[in-house]
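This report goes through a set of chains and the places where they touch. Look at the structure first, then read on.

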Amino acid sequence: MTADSFLFWLLAAVTLVSGLSVVLVSNPIYSALCLAMSMVGISALFATLGAYFIAGVQMIVYAGAVLVLFVMVLMLFDLKTELATFSRGKISGLIKIATVGTLAGFLAGAFSMSIEFMEKPATKTVVAEAGVDMSRNLGTLLFTKYILGFEALGILLLVIAIGVVGLARSKGGTHAKH
Amino acid sequence: MGSDAFEITVNCIKLVLVFLLMVQAVPILVWLERRGSGFIQNRFGPNRVGPLGLMQLLADAVKFLTKEEFSPKAATKLLFYAAPVFALIPGTLGFAAIPLGSPLKWGDYTFAIQGYDIGVGIVFILGVSSLAAYTILMAGWGSGNKYALMGALRASAQTISYELALGLSIVGIIMMYGTFNLSEMIAAQQGTMHFQAFGNTIATSWLPNWGIFYQPLAAVLFFAATFAESNRLPFDLAEGEAELVAGFHTEYGGFKMLLFFIGEYGHMMVASGLMATFFLGGYNIPYTTTEQVYQFFLGFVESANAASALTSLAHFIMFTVKLGIFLWIFIWVRWTLPRFRYDQLMDLGWKTMLPWALANTILSALVIFAVSHSW
Amino acid sequence: MRAVKVEHMLSTDIITHVGLNHYLVLSALLFVTGMAGVLIRRNVIVLMMSIELMLNAVNISFVAFSKYLDKLDGQVLVFFVMTIAAAEAAVGLAIAVSIFKRYKEVNIRFFEHLKG
């Protein structure tokens with residue numbers, strides 16, 4: 001087994017086990033910390049796929065900011081008892097799990113059977129080399145071909161920021177005007 | 001890691017040495033802090049144990065190691081014990097990515113004098129240093145103490161707020177040097193100041209080619225943001241003694257407390273290393289390029305290997321001096337400025353530093369665009 | 001063709017040669033884990049965390065395709081997905097805090113009926 005494949009299997013195992021723990025562990029704070037571990041695993045998987053810049057951004061954005069917000073909110077709630085961790089009813093729960101498992105099987109089967117029909121495109125748009133070259137190409141692509149999406153994203157973020165401040169200052173919010 | 005066994009072993013030993021370097025610098029820093037703060041406050045620091053009080057830290061370490069190991073009754077054991085161990089991770093990973101000296105050419109091999117050379121250097125370092133918030137949160141929650149939790153929430157909110165100003169103030173430098181890689185940034189700061197503007201090369205010989213002369217505002221913002229990131233005064237309300245006992249590490253004693261301090265000093269070292277790399281030319285000796293230093297040493301010794309080794313050593317010593325300057329400034333500021341109140345702190349981060357960092361980014365982009373065309 | 005397929009599936013190449021297939025199956029497993037979380041957990045915050053897990057699984061498949069087809073468009077889409085997911089998490093948390101402030105409860109079985 002080469003180092004690359006060993007690394008993949010190790011990271012895949014860590015990510016999957018952490019992902020399962022997010023769903024199965026009853027204490028929500030442990031759940032959030034397991035999700036953080038999963039994010040770090042996913043970031044490492046991005047690095048094995050050669051997307052170093054995206055791996056770094058994943059660490060900064062997800063593992064460093066979004067999940068810290070989740071953990072902070074959970075600690076503020078300070079829930080002493082969890083009334084019902086999982087949904088009531090064993091039969092409905094089993095049906096849900098069975099549906100999800102079937103979907104997983106469909107997806108995995110579909111991928112395995114259709115991979116050989118996929119062709120690589122004739123033109124290559126990326127030189128998968130050192131991180132800096134790829135970052136430069138990524139930036140160029142973002143600002144030329146996807147400029148509309150980029151600007152729309154900027155406007156979306158502005159709207160979201162204003163919306164969250166408005167939510168906090170509304171009648172039931174944390175910073176409501178009395 | 002390397003192509004053959006020799007290179008792999010040397011790289012592994014290098015990783016261990018860089019880790020040990022960071023950990024062993026902590027006692028020296030603590031001594032510096034206690035003596036230095038003593039002199040600033042017009043008193044002697046510890047000066048009984050050993051010459052100049054240097055053995056005080058050894059005595060302290062023995063004291064910490066022999067203390068009773070306890071945990072509070074209301075504590076969540078797993079998080080309580082995991083948090084101090086986690087404190088070491090961001091500082092160690094970040095410090096290993098900073099170049100400490102010029103690359104050493106030994107025969108056919110080239111060894112970079114750093115833990116690992118990463119193409120997207122600064123993005124990686126920002127990513128791992130943002131993991132520091134988890135240490136604080138785990139320690140605060142795991143203590144089972146209301147006041148520790150409050151301190152932890154405040155400290156982590158402060159951390160994620162100042163990460164923004166930290167990242168944005170660096171964007172100007174990244175645009176100017178056109179790379180994320182720290183070694184390339186240092187290589188671009190060699191020699192005396194020269195740059196291209198409007199098609200001509202402007203060069204002066206009385207200034208080194210450091211980043212601080214190109215981006216002074218970014219230097220000030222970055223330095224202030226790193227104070228907030230490592231929870232040092234004047235931004236350490238979360239662990240301020242008068243307000244919250246000791247904040248998120250109230251319930252920790254003994255060796256676990258030492259680990260928190262190693263983590264905090266590790267953070268300081270990464271911050272000082274980054275300041276030296278971006279703004280003070282990294283390991284470069286001022287006014288010289290790496291090639292000039294190499295030729296200088298080649299005049300003394302015969303073999304190219306030994307000259308390269310001496311060059312790396314000289315650069316490493318220079319980097320240590322610059323690191324020491326910034327670490328001393330960290331300690332100096334701690335005993336000079338009063339502490340910020342929490343709302344003043346958050347206002348400063350969001351309403352002052354973030355807009356200034358954005359303005360710096362926009363201005364840098366405009367200037368770089370304007371001077372790159374010969375009008 | 002069927003015999004060749006079965007042979008291919010039984011060889012140990014699957015373990016030693018990691019290809020696009022492996023990443024896609026991992027992405028699918030993470031996605032359905034997140035989906036199971038959304039369906040069976042009752043805490044609103046854990047629900048939102050499961051949604052984040054689903055979005056990250058999709059990110060993995062985007063980056064895997066980007067590498068194996070040698071196009072960078074996948075990574076640009078990952079950018080977009082990441083930004084939107086982070087913003088959505090922020091808004092979701094703001095709403096959750098408002099709910100907790102009003103009802104002192106974050107178990108969704110109290111909010112199943114669109115009333116009040």
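Which element of chain C has the lowest mean pLDDT, and which has the highest?

## Confidence in the model

The structure is a predicted model. Among the elements of chain C, the lowest mean pLDDT, 49, belongs to helix α1 (residues 2–10). The highest, 92, belongs to α4(C). Over chain C as a whole the average pLDDT is 83, and 87% of the residues score at least 70.

For the complex, the predictor reports an ipTM of 0.86 and a pTM of 0.88.

## Chain A

Chain A has six helices and zero strands. Of its 178 residues, 31% count as buried.

Contacts within chain A can also be sorted by separation in sequence. Among those between residues at least 6 apart, 44% join residues at least 24 apart.

## Where chains A and C touch

Two pairs of chains are in contact, and chains A and C share the most contacts. On this interface, 64 residues of chain C are in contact with 74 residues of chain A. Four elements of chain C give two or more residues to its side: α2 (13–16), α3 (20–40), α4 (44–68) and α5 (73–103). The largest share, 22 residues, comes from α5(C). By class, the side of chain C that touches chain A has 40 nonpolar, 14 polar and ten charged residues.

Helix α2 of chain C holds C:I15. Is C:I15 buried or partly exposed? C:I15 counts as partly exposed because it has 13 C-beta neighbours inside 10 Å, while a buried residue needs 20 or more. C:I15 and C:F65 are 50 residues apart in sequence, and their C-alpha atoms are 20 Å apart in space.

## Where chains A and B touch

Here 22 residues of chain B are in contact with 20 residues of chain A. The elements of chain B that give two or more residues to this side are α5 (121–129), α6 (132–142) and α7 (146–177). Six residues, the largest share, come from α7(B). The side of chain B that touches chain A divides into 15 nonpolar, six polar and one charged residues.

How many of the residues of α6(B) are buried? Eleven of its eleven residues are, and the helix is mostly covered. Among these buried residues are B:Y134, B:L137 and B:W141. Just after α6(B), B:G144 takes a positive phi of about 65°.

Chains B and C are a separate case: no contact joins them, and their closest C-alpha atoms lie 13 Å apart.

## The nonpolar core

In soluble globular proteins, nonpolar side chains tend to be buried together. In this model the largest nonpolar core has 165 residues. The members that touch the most other members are A:A32, A:L67, A:F70, A:V71, B:L137, B:A152 and C:I45. The largest share of the core, 19 residues, comes from helix α3 (residues 52–77) of chain A.

Which residues does A:V71 contact, leaving aside its neighbours within four places in sequence? They are A:I29, A:A32 and B:L137. B:L137 is also one of the buried residues of α6(B).

Notes: Residues numbered from 1 in each chain as written. Chains lettered and ligands numbered in written order. Predicted model: local features only at pLDDT ≥ 70, side-chain atom pairs only at ≥ 80, totals over all residues. Contact = placed C-beta atoms within 7 Å. Nonpolar A, V, L, I, M, F, W, Y, C, P; charged D, E, K, R; others polar. Buried ≥ 20, exposed ≤ 12 C-beta atoms within 10 Å, placed from the backbone. Core = buried A, V, L, I, M, F, W, Y, C linked by C-beta atoms within 7 Å. pLDDT = per-residue confidence, 0-100.
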